[in-house]
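Biologist: Could we go through this model together? I would like to begin with the terms and then turn to the pocket and the overall fold.

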Amino acid sequence: MLLFACGPTASRGPTDAITFDTAQRLGDFDFAATGDGRPHRWLVIDNDAGRGLAQIAPEPTEHRSAFAIYRPFSERDVHVSTRFITISGKTDQAAGLFVRFRSTDDYYAARANALENNVNLYRVVAGRREMIGSMDINVSGQAWHTLGIAAREDRLTVFFDGRELFVAVDRRFPGPSGQVGLWTHADSMTLFESLEIKSLD
């Protein structure tokens, strides 16, 4: 199985490359969700497109976000990337990554959306989501893509399919560390093949 990464490669810190070809690594994750509805559930599943990690209890509401939080890592400056395919969703078809995560109400998230054909960057503070960067770009459903975000000091750089899309400057979370992981929204059924985490400290 190939692991794809995008964005900066130079780093003095460690790298953790996770592939979801088995459920072995799921013990390294905590799972959470916001909003009402049935309990969230993450599983490694097989699909016609391949095998990966998916949140299999989606809810068709704008208030629902689901998180796969990688427990062993917590740093402020980091590059995170994933390879994913969006499978279905009427309200949303989104794949996301988060960095500088403090709680389900406080974090940054990069989201690729196959219904809207864009990639957005959000700042979530006290549960309120604000878009701080965006680019319209073709995000084909039922096709594999890569998404990445690099957070270094007050600069957040977003990548898609190996291409740098935009940079946002934000100083909201100045603390020394934060967790990272995978994110989905509403009724998105998204398959994540991999997660690569690289410290930029």
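This is a predicted model: local features need pLDDT of at least 70, side-chain atom pairs count only at pLDDT 80 or more; totals for chains, interfaces and linings use all residues.

Biologist: By class, what does the lining of the largest pocket have?

Modeller: The lining of the largest pocket has 6 polar, 4 charged and 4 nonpolar residues.

Biologist: Which residues lie nearest its centre?

Modeller: T34, H63, S65, G127 and R129 lie nearest the centre, out of 14 residues that line the largest pocket.

Biologist: Turning to the fold, how many helices and strands does the chain have?

Modeller: The chain has 15 strands and 0 helices. Its radius of gyration is 15 Å, close to the 17 Å that the globule rule gives for 201 residues, so the chain is as compact as a globular protein of that length. Along the principal axes, the C-alpha atoms fill a box of roughly 40 × 35 × 30 Å.

Biologist: What share of the residues is buried?

Modeller: Buried residues account for 53% of the 201 in the chain. As for the surface, the chain exposes about 8600 Å², and carbon and sulfur atoms supply 45% of that area.

Biologist: Which share of the contacts joins residues at least 24 apart?

Modeller: Among contacts between residues at least 6 apart in sequence, the share is 67%.

Key:
Residues are numbered from 1 along each chain as its sequence is written. Side-chain values use heavy atoms; hydrogens and water are left out. On a 1 Å grid over the protein atoms alone, a cavity is a set of points where a 1.4 Å probe fits but cannot get out, and a pocket is an open set with protein on both sides within 12 Å along at least five of seven lines; lining residues have an atom within 4 Å of a point. Ala, Val, Leu, Ile, Met, Phe, Trp, Tyr, Cys and Pro count as nonpolar, Asp, Glu, Lys and Arg as charged, and the others, Gly among them, as polar. Helices (H or I, at least four residues) and strands (E, at least two) are DSSP runs, numbered from the N terminus. The radius of gyration is taken over C-alpha atoms; the globule rule is 2.2 Å times the number of residues to the power 0.38. Buried means under 20% relative accessible area, exposed over 50%, partly exposed in between (1.4 Å probe, protein chains only). Contact means heavy atoms within 4.5 Å. Accessible areas come from the Shrake-Rupley method with a 1.4 Å probe; for residues, only the protein chains shown count as cover.
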